[in-house]
Amino acid sequence: MNSPHAASLRDAALVAGIAGILAFPFVGLLLTTEGTAPTLSTRFPEFAGAVVVIFFGRLGISAARRGHGLLPLVLGLAMAAGGAFSLVVEATGLGASGTAIWHAFVPGTFLSTVACAGGIAIAGLAGRNYLMQGRQPAERTPLPMGQLLLWLGIALAGFAILLPLLPGVDRRLIDVATLVLTYVMLGWGLNIVVGLAGLLDLGYVAFYAVGAYSYALLSVTFGWSFWVCLPVAGALAALFGILLGFPVLRLRGDYLAIVTLGFGEMIRIILLNWYDFTNGPDGITNIGRPSFFGLPFASKPEQGTESFHTFFGVAYDPVHRLIFMYYLILALAFVTNAFTLRIRRLPIGRAWEALREDEIACRSLGVNPRNTKLSAFAIGAMFAGFAGSFFATRQGFVSPESFTFIESAILVAIVVLGGMGSQIGVAVAAIILVGLPEYFRELQEYRMLAFGMGMVLIMLWRPGGLLTHREPTIRTRPAPA
Amino acid sequence: MTPLLKVSGVRTFYGAIEALRGVDVEVAEGEIVTLIGSNGAGKSTLLMTICGNPRARAGEIRFADHDITRLRTWDIVRLGVAQTPEGRRIFPRMTVLENLQMGAVANPAVDFDDGVRRAFELFPVLGRRRNQSGGTLSGGEQQMLAIARALISEPRLLLLDEPSLGLAPRLARQIFAVLREINQSSGTTIFLVEQNAYHALRLCHRGYVLANGLVTLEGTGSELLANPAVQAAYLGGAGE
């Protein structure tokens with residue numbers, strides 16, 4: 001019994017056993033409160049499902065590692081199909097109606113999703129084994145990462161553009177997608193400061209708050225429209241970026257992080273306590289909504305004016321505004337991305353990256369570190385200001401509660417997990433860190449647990465972040481001699 | 001003729017420790033001048049003081065009719081003083097070409113493509129690695145990149161801190177040969193700090209010996225090579 005198959009089986013059984021021991025109290029037991037007395041019930045089907053999925057998943061992984069194609073492909077596809085099936089069953093309520101036997105065997109959303117994603121990953125590994133079959137190691141040229149990422153980016157962008165038009169997309173999904181895009185944009189803005197210039201900023205939410213309050217106050221006090229306020233909010237946030245930048249010019253690493261953290265808290269506490277100006281903890285309400293090129297999204301337009309639905313002759317539907325908001329933040333995010341991609345090729349962007357690599361070398365090459373750092377802080381803050389304006393107009397309400405340290409922490413996590421400096425990595429990390437928790441609300445208690453576990457796994461396997469590829473900003477030039 | 005670089009009476013401190021105790025050095029246009037000395041003599045400190053970090057607490061440094069004693073590093077560099085700092089300090093995640101682009105910061109007027117062509121003529125290996133990131137180069141290649149990067153801005157004065165450090169003897173000779181070529185073909189003035197006294201003195205027109213923060217000897221390269229004190233202290237007594 002010493003064949004590799006037996007070893008794989010033993011290994012899979014061992015892993016499933018350990019997982020079973022760990023999972024039993026979390027998955028197998030359920031503490032509910034009925035009336036006043038807590039009662040302990042069991043969830044054996046879910047528990048057994050988890051252990052079975054882990055057993056076969058592990059078997060598939062180790063088979064794929066040893067270069068097999070067929071076994072992991074079958075296992076992976078089976079897992080993916082099973083997970084997807086139970087997701088569908090749950091979503092359509094197939095299990096709830098009538099046949100109770102179904103329901104007993106359908107695990108929760110979380111487990112189904114994990115099984116589905118894991119199955120796809122294992123099938124992917126198997127597929128790679130098929131592709132590699134019969135090739136010598138020397139022929140396995142590294143994948144052209146730059147091109148792959150470009151296509152991935154185009155695919156993601158296309159998907160984002162088409163998302164509201166896809167069938168089956170409901171208000172909730174658009175709402176979540178809008179939220180995710182806000183974080184994508186904030187992540188891209190912070191990426192300029194942290195990813196490109198290498199300045200660890202733990203107080204980025206301060207500029208987000210400045211942008212949001214700028215728009216809120218200008219809109220409520222003077223009745224300025226969103227499109228007028230947007231550049232003003234960006235400029236004010238950039239000004240605050242410079243204000244923060246000056247005292248921290250000489251700091252780097254941990255010290256910089258601590259001061260920026262303090263700055264973020266200062267802004268929040270000022271907003272909280274300057275009651276006359278910011279309305280303190282009560283926040284600012286009735287913030288103006290953006291209009292569609294002058295056409296408001298109102299169900300009943302004011303006398304003598306037109307609104308979006310009357311102008312286009314369609315029935316009033318509140319989803320119009322949601323979709324408009326979605327496209328608005330998508331456009332803002334695209335602008336941020338295009339700006340970053342462009343500025344990386346300009347001297348200032350190159351100087352940011354060089355400054356991240358080696359400040360002393362930069363000085364000795366004639367780079368003025370003060371101006372370079374301040375410009376990074378200012379431009380990063382400007383995009384946070386734009387995003388803040390968007391946040392204020394989307395919510396119609398701002399209060400200091402929305403700008404706590406945890407927001408900064410999530411944003412830094414997005415940039416670091418994404419792979420510092422990688423635009424697509426930031427987008428993917430934002431989807432994972434912001435989008436998934438919205439969809440797994442029922443597991444909210446475990447969010448921090450999952451966060452921590454994710455961080456540990458990333459640091460173990462991909463210490464540079466999800467995507468560490470850095471696309472050079474200049475290609476072969478001049479022509480080879 | 002006034003020298004291109006004139007260091008007079010410079011005293012530099014690290015806290016209370018006096019690293020340079022009144023140093024006088026002159027470098028004329030078109031010269032290769034070398035500064036030798038043992039560890040801790042203050043060689044690197046002198047180079048760094050010329051670049052304004054740390055600043056001299058006393059004395060004066062003049063470069064081409066400018067008093068640069070109080071200027072900041074990046075302003076000095078923009079006047080036409082390029083330096084390769086100690087330890088190469090190339091940008092590891094940026095490609096060879098991007099590293100060279102950073103060299104053009106000090107002088108935006110230069111023709112970058114032309115500079116790159118010249119750099120790849122001097123160091124063909126860099127041309128073959130142009131799209132490779134700096135961190136994947138070997139030590140010798142990194143040193144070549146550091147020199148090439150400093151030359152992109154077409155400086156009038158090139159300051160080099162131990163370019164042969166950690167290089168195999170053959171590579172070190174190659175670097176010194178390239179320095180001579182740079183000096184002869186484009187007339188770039190070179191001020192070189194070296195531990196490798198034999199090669200440095202053979203290369204240079206004139207040399208200084210620094211000991212305990214003071215210049216103790218100066219002369220042409222061949223004079224210093226023949227000097228018994230220099231031989232005993234820095235050439236392993238080869239001439240005795």
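The following questions and answers concern a predicted model. Local features need pLDDT of at least 70 and side-chain atom pairs pLDDT 80 or more, while totals for chains, interfaces and linings use all residues. Residues are numbered from 1 along each chain as its sequence is written, and chains are lettered from A in the order in which they are written.

Student: Which helix supplies the largest share of the side of chain B that touches chain A?
Tutor: The contact takes 28 residues from chain B and 24 residues from chain A, two residues being in contact if their C-beta atoms, placed from the backbone, lie within 7 Å. On the chain B side, α2 (73-78), α3 (96-103) and α4 (112-122) each supply at least two residues; helices are DSSP runs of H or I with at least four residues, strands are runs of E with at least two, and both are numbered from the N terminus. The largest share, 5 residues, comes from α3(B).

Student: Which strands stand at the edges of the open sheet in chain B?
Tutor: The sheet has 6 strands in the order β6-β7-β8-β3-β9-β10, with mixed pairing; two strands pair if DSSP finds at least two bridges between them. Two of the strands have a single partner each, so one side of each is left without a neighbour in the sheet. These are β6 (81-84) and β10 (214-220) of chain B.

Student: What is the bridge partner of B:Leu159 in β8(B)?
Tutor: Strand β7 (residues 157-161) and strand β8 (residues 189-194) of chain B run parallel and are joined by 5 bridges. In β8(B), B:Leu159 has as its partner B:Phe191.

Student: What angle does the direction of helix α1 of chain B make with that of β7(B)?
Tutor: Helix α1 (residues 43-50) packs on the sheet and touches β3 (32-36), β6, β7, β8 and β9 (206-211) of chain B. Axes are lines fitted to C-alpha atoms, for helices over the stretch in contact, and angles run from 0 to 180 degrees between N-to-C directions. For α1 and β7(B) the angle is about 145 degrees.

Student: Is B:Gly134 buried or exposed?
Tutor: B:Gly134 is found in the loop between α5 (124-128) and α6 of chain B. Leaving aside neighbours within four places in sequence, its contacts include B:Ile90, B:Phe91 and B:Leu145. A residue is buried if 20 or more other C-beta atoms, placed from the backbone, lie within 10 Å of its own, exposed if 12 or fewer, and partly exposed in between. With 24 other C-beta atoms within 10 Å, B:Gly134 is buried.
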